[in-house]
Amino acid sequence: MASSLIPASMQARIMAGSPRNLSGAVAMLNLDLLKNVVFLFFVLRYTRKTFDSLRGYGIIGSIKRVYAAIKLWAFYLFLRAPGVRGQVDKQVTTALTKLEEKMVRKGPGITSYLALPKEGWTSEQIRTELAQLVGMEHAKWEEGRVSGAVYHGGEDLSKLQTEAIGTFSVSNPLHPDVFPGVRKMEAEVVAMVLSLFHGPSDGAGVTTSGGTESILMACLAARQKAYAERGVTEPEMVVPETVHAAFFKAGSYFGIKVHRVPCPAPEYKVHIPSVRRLINRNTVLIAGSAPNFPHGIVDNIPALSRLAVSYKIPLHVDCCLGSFIIAFLKKAGFPSPYEEEGGFDFRQPGVTSISVDTHKYGFAPKGNSVLIYRNRSYRNHQYFIFPDWIGGVYASPSIAGSRSGALIAGCWVSLMTIGEAGYIASCHQIMGAAKQFETAIREDPILSANIEVIGNPEVSVVAFASKNIGIDTYDIADAMSEKGWHLNALQDPPAIHVAFTRPTALAVEKLQLELTEVITAELEKAEERKRQGKSFARQRGNTSALYGVAGSLPDKSIVNRLAEGFLDALYKA
Ligand SMILES: *Cc1c(COP(=O)(O)O)cnc(C)c1O
C-alpha cells in the first residue's frame with residue numbers, strides 16, 4: 001500500500017540511487033511518504049469540504065457564494081482607495097458625533113460623577129437623583145409607543161416584584177446551603193416552564209440571565225455532546241436565516257460554523273430541503289424559532305423534528321419570544337401552531353431543547369430566562385466542572401458564577417402571581433391587539449393599498465413592508481419615529497415590526513391611526529418627488545441612512561464602525 005503513494009519519479013530516483021547511500025534513501029523515502037500522506041490528507045479534507053459545500057448550497061449557490069466573496073474583497077479595496085477613505089471617515093465621524101450627542105446627555109442640570117463621592121450621599125440626596133434619572137427624557141413606553149422592550153405585567157405585580165427583590169437582595173444561588181429558599185424557587189421555575197412546554201417526566205432545565213444566555217448554553221451543550229459522543233471537532237449548526245442573533249454569537253464564541261438557511265417568501269419559514277442538504281457528519285445542532293424575532297413566524301417544527309430524528313441530531317426550538325404567549329394560545333382560543341401535527345414543543349420527538357424567556361411574556365424582571373432539555377443527558381453537557389481548582393472543587397451550571405437570587409425570586413413571584421388564568425388573559429389582550437393590527441393592514445383601504453404583512457404571523461409580532469415602489473419602508477420607519485413610535489427596522493427584506501406587549505396593546509388604535517397618517521404623508525411626498533423629478537433633494541432619516549445606504553453596501557465595515565461607535569457611546573460617562 002505504501003509504495004503506491006510514492007510518485008513514480010521518486011521511485012526511479014531511489015532505484016538509481018547508489019547502494020552506498022541506502023540509509024539516506026530509506027530516510028528520504030520515509031520523509032517523502034510522510035509528505036505524501038499529509039498531502040493526501042489535505043486533499044481529502046478539502047475535497048470533502050468542497051463536496052459538503054456543493055451538496056449544502058448547490059452548484060449555483062456555491063458559485064454565488066464565491067462571487068459574493070470576490071465582490072466583498074473588491075469593495076474592501078475600493079473603500080481603502082485614496083480619496084474614498086477620507087470621505088468615508090468624515091461621514092462616519094459626523095454620524096457618530098450626532099449619535100453621541102443624542103445618547104450622552106449633557107447640559108444644565110446634568111452632573112457627571114466620575115469618581116466616588118468623598119463622603120457617601122444621604123438617602124435624601126440619592127432619592128432626588130434617582131427621581132431625576134428615571135425622569136430623563138425618553139421614548140414613551142408608558143404610552144405604548146415602544147415595540148417589545150418593556151414587558152410589563154401591571155402595577156400590582158411590579159410592587160410584589162420589588163418586594164421579592166428586596167427580600168432576597170443579598171442572596172446568591174451559588175450557595176444553596178446559605179440560601180435554600182432561592183434554590184427551591186429556581187427549581188420550581190424550571191419545573192413550571194417544563195410543564196408548560198410538555199416536558200417529559202425526566203425533563204431537565206436551568207435558569208439563565210436571559211434569552212441570549214439560554215441560546216448560548218443550548219449551542220454549547222450540543223457542541224460538547226457531539227464532541228463527547230461522536231468526536232466532532234469541527235462543529236457546525238444549521239439554522240434559519242431569521243433565527244435570533246444569539247445563535248451567531250454562540251457560533252462566534254464557541255467556534256461553531258453556522259449555516260444560514262433561507263426562509264423564502266411568501267411563507268418566510270425555514271426551507272426544509274435546504275436544512276437537510278446542509279446536515280453533515282459535523283452537524284451538532286439544528287434549530288427553528290417559535291416564533292422568530294423579525295417576522296413573528298413559527299418555523300415548521302414538526303418537519304425539523306423529523307429531520308432531527310432521522311439524522312439523530314439535537315433540535316433546539318427558540319421560544320424566547322413566544323414564551324408565555326405561544327404556550328397559552330390554545331387555551332386563549334387562538335389557533336396554536338402545528339396543533340394537528342403535534343405542536344411545536346417536546347411533544348415532537350426530535351425537539352431536544354427549548355429556550356423560554358420568562359422576562360418577556362412571563363413578565364418577570366429583566367435578567368430571567370429558562371432553558372429546558374428533553375432530559376439531563378442533554379443538559380449536563382453545559383455544566384462546567386473543574387475538580388482541580390486550588391479554590392476547591394468548582395461546579396457551575398451556566399456562564400455566570402455568582403448570580404442574583406433576587407431576580408429568581410422576582411421571577412417566581414411573577415409566575416405565581418399571574419398564574420394560568422392571568423397568562424391566558426394577557427395572551428388574549430396581546431394577541432387581540434396583534435390580530436387587530438394585522439387585519440387593519442390587510443383590510444384598511446389606505447394601509448392595504450400601500451403596505452403588506454410579511455407572511456402569516458401567528459403570535460404577538462406583526463411585520464410589514466411597503467408594497468408601493470414609490471414609498472421606502474425605511475422612510476415609514478423614520479416618520480413613525482418622528483411621531484414618537486419606537487418600532488423595529490428589519491433588513492433583507494426591508495421591513496418594520498411591532499412586538500405587541502400589554503402597553504402597546506392599549507395603544508393599537510393610535511398606532512393604526514398614526515401609521516395611516518404617515519403613509520398618507522409619504523404618498524404626498526412621492527407625488528412631489530414625481531413632479532420635481534431629479535431636482536428633488538431627498539431627506540434621509542436615521543433608519544433610512546443606516547439600512548438604505550450603508551446597509552446596501554456589500555462590505556459591512558461602515559455599518560460595523562457605526563455599531564462599534566454606538567457601543568462605545570454606551571460607556572461615555
Ligand atoms: C428576545 C429574543 C431572544 C433573546 O433575547 P434576550 O434579549 O437575550 O433575552 C431570543 N430569540 C428570540 C426570537 C427573541 O425574540
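Helices (DSSP runs of H or I with at least four residues) and strands (DSSP runs of E with at least two) are numbered here from the N terminus. With that naming, His 198 lies in the loop between H6 and strand E1 (204–208), and its phi is near 55°, a positive value in a residue other than glycine.

The structure is a predicted model, in which local features need pLDDT of at least 70 and side-chain atom pairs count only at pLDDT 80 or more, while totals for chains, interfaces and linings use all residues. Residues are numbered from 1 along each chain as its sequence is written, and side-chain values use heavy atoms, with hydrogens and water left out.

## The ligand and its surroundings

A residue is near a molecule or strand if one of its heavy atoms lies within 4 Å of it. The residues around the ligand are Gly 211, Thr 212, Ile 215, His 244, Pro 291, Phe 293, Asp 318, Cys 320, Leu 321, Asp 357, His 359 and Lys 360. Helix H7, which spans residues 211–230, gives the most to this shell, with three residues. Sorted by class, the shell has five nonpolar, four polar and three charged residues, where Ala, Val, Leu, Ile, Met, Phe, Trp, Tyr, Cys and Pro count as nonpolar, Asp, Glu, Lys and Arg as charged, and the others, Gly among them, as polar.

The protein covers 85% of the 380 Å² of accessible area that the ligand has on its own, the areas coming from the Shrake-Rupley method with a 1.4 Å probe.

## Helix packing

For helices, axes are lines fitted to C-alpha atoms over the stretch in contact, and angles run from 0 to 180 degrees between N-to-C directions. The axes of H7 and helix H8 (residues 246–254) come within 9 Å and cross at roughly 50°. H7 and H8 are therefore oblique to each other, since angles under 35 degrees count as roughly parallel, over 145 as roughly antiparallel, 65 to 115 as roughly perpendicular and the rest as oblique. H7 passes H8 in a right-handed crossing; a crossing is left-handed if the near helix is turned anticlockwise from the far one by less than a right angle, and right-handed if clockwise.

Helix H6 (residues 180–196) packs against helix H13 (residues 405–443) at an angle of about 50°, with their axes 9 Å apart, and H6 passes H13 in a left-handed crossing.

## Cis peptide bonds

The peptide bond from Ala 265 to Pro 266 is cis, with omega near 0°, and Pro 266 sits in the loop between strand E3 (257–261) and helix H9 (272–278). Asp 492 and Pro 493 are also joined by a cis peptide bond, with omega about 0°; Pro 493 belongs to the loop between strand E12 (488–490) and strand E13 (495–499).
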